[in-house]
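I opened my notebook for a look at packing and aromatic rings. Here is what I looked up, entry by entry.

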Amino acid sequence: MMTEKDKKLAFKIYFYLGALFITSLVVSNLIFQKFFFWKPFGDITVFGAPLFELSVGILPYPITFLITDLISEIYGKKKANQVVTAGIFASFFSMGIVLLADYVPAIKASPINNEVFSSVFALSPIAVLASMIAYLFAQYIDIALYHFWKKITNGKHLWLRNNFSTFASQFVDTFTVVLLLCMFKVLPWEMFYGLLISGFLFKILIAFLDTPLLYFFVYILRKRFNLNITQEIELGV
């Protein structure tokens with residue numbers, strides 16, 4: 001039985017995890033238009049496109065899957081889905097603010113004029129729509145698959161549900177967002193296969209790398225709240 005002090009601490013941790021999740025999601029949607037080339041394996045091309053030619057928006061995005069897996073493990077499916085829903089709301093709300101800021105004309109003394117501001121943020125609504133559709137599918141699939149594997153394994157083999165749920169959901173996410181961005185003509189079709197493969201492989205690599213982090217945080221929280229491998233914290237809200 002958790003004490004009132006433990007319940008308050010558990011809620012505070014959940015609150016900050018949710019804040020990190022939402023921040024990572026919103027930021028990824030705001031910075032996506034800058035691309036970079038990461039070449040840890042040298043100059044490799046896939047379908048004529050450089051491998052790991054990626055949007056910087058992909059950098060904070062894997063954090064969201066790590067956090068939802070951690071929340072799923074410690075707080076359960078309902079709490080993970082609540083954070084995902086909050087993330088959707090926050091993303092659309094932030095885009096509303098960006099659109100309003102783009103609509104308001106800049107004064108002559110403004111360090112950033114209308115053209116510069118619009119060139120950075122003008123495509124954001126289309127990209128966010130594509131990203132949110134992909135995100136909606138991917139995150140709910142990730143959470144559902146995570147709990148499917150957790151049930152099948154009776155709470156054992158954390159690495160399995162972490163990676164298997166992420167692999168499937170990240171492919172759905174990458175495929176959907178690149179497809180929609182090409183359909184909306186935000187990106188040229190010749191970049192489709194290169195970005196799809198590069199994005200998916202990058203996310204898979206990050207999923208492998210974040211597995212030790214998930215083990216570490218799950219261990220810390222289970223020890224602190226005296227949870228067994230099948231227990232989840234009931235926040236009651």
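Before anything else, I noted the cut-offs: a residue is buried under 20% relative accessible area, exposed over 50%, and partly exposed in between. I also reminded myself that this is a predicted model.

**Entry 1: a buried ring and its neighbour**
I looked up Phe 192 and found a relative accessible area of 7%, so Phe 192 is buried. Tyr 193, at 47%, is partly exposed. The ring centres of Phe 192 and Tyr 193 lie 5.1 Å apart and the planes meet at 80 degrees, so I logged the pair as edge-to-face.

I searched the whole structure for aromatic pairs and got 13. One of them is Phe 171 with Phe 175: the centres are 6.1 Å apart and the planes stand at 20 degrees, so this pair is stacked. Both sit in helix 6 (residues 158-183), and because they are four residues apart there, about one helical turn separates them. Phe 171 is partly exposed at 37% relative accessible area, and Phe 175 is partly exposed at 33%. I then followed the ring pairs and found a cluster made of Phe 171, Phe 175, Trp 189, Phe 192, Tyr 193 and Phe 200.

**Entry 2: the nonpolar cores**
Which members of the largest nonpolar core touch the most other members? I found Ile 71, Ile 74, Tyr 75, Tyr 135 and Ile 233, out of 30 residues in that core. Two or more residues each come from helix 1 (4-30), helix 2 (61-75), helix 3 (77-103), helix 5 (124-152) and helix 7 (192-225). Helix 2 gives the most, with eight residues. I checked Ile 71 as well: leaving out residues up to four places away in sequence, Ile 71 touches Tyr 14, Leu 17, Gly 76, Lys 79, Ala 80 and Val 83. Apart from this core lies another one of 12 residues, and Phe 192 from my opening entry is among them, as are Val 177, Leu 181 and Leu 196.

**Entry 3: the surface**
I turned to the outside and found a nonpolar patch of Phe 92, Leu 129, Ile 133, Phe 137 and Phe 184, with about 450 Å² of accessible area together. Helix 5 supplies the largest share, three residues. Phe 92 belongs to helix 3, and its 43% relative accessibility makes it partly exposed.

**Entry 4: a loop proline**
Is Pro 111 buried or exposed? I read a relative accessible area of 79%, so Pro 111 is exposed. Pro 111 lies in the loop between helix 3 and helix 4 (114-121). Its C-alpha atom is 35 Å from that of Ile 133, although the two are 22 residues apart along the chain.

Technical notes
Residues are numbered from 1 along each chain as its sequence is written. This is a predicted model: local features need pLDDT of at least 70, side-chain atom pairs count only at pLDDT 80 or more; totals for chains, interfaces and linings use all residues. Side-chain values use heavy atoms; hydrogens and water are left out. A nonpolar core is a set of buried Ala, Val, Leu, Ile, Met, Phe, Trp, Tyr and Cys residues joined through side-chain atoms within 4.5 Å. Buried means under 20% relative accessible area, exposed over 50%, partly exposed in between (1.4 Å probe, protein chains only). Contact means heavy atoms within 4.5 Å. Patches are made of residues with over 30% relative accessible area and no salt bridge: like charges are joined within 9 Å, nonpolar side chains (Val, Leu, Ile, Met, Phe, Trp, Tyr) within 5 Å. Accessible areas come from the Shrake-Rupley method with a 1.4 Å probe; for residues, only the protein chains shown count as cover. A salt bridge is a side-chain nitrogen of Lys or Arg within 4 Å of a carboxyl oxygen of Asp or Glu. Rings of Phe, Tyr and Trp (its six-membered ring) pair if their centres lie within 6.5 Å; planes under 30 degrees apart count as stacked, over 60 as edge-to-face and the rest as tilted.
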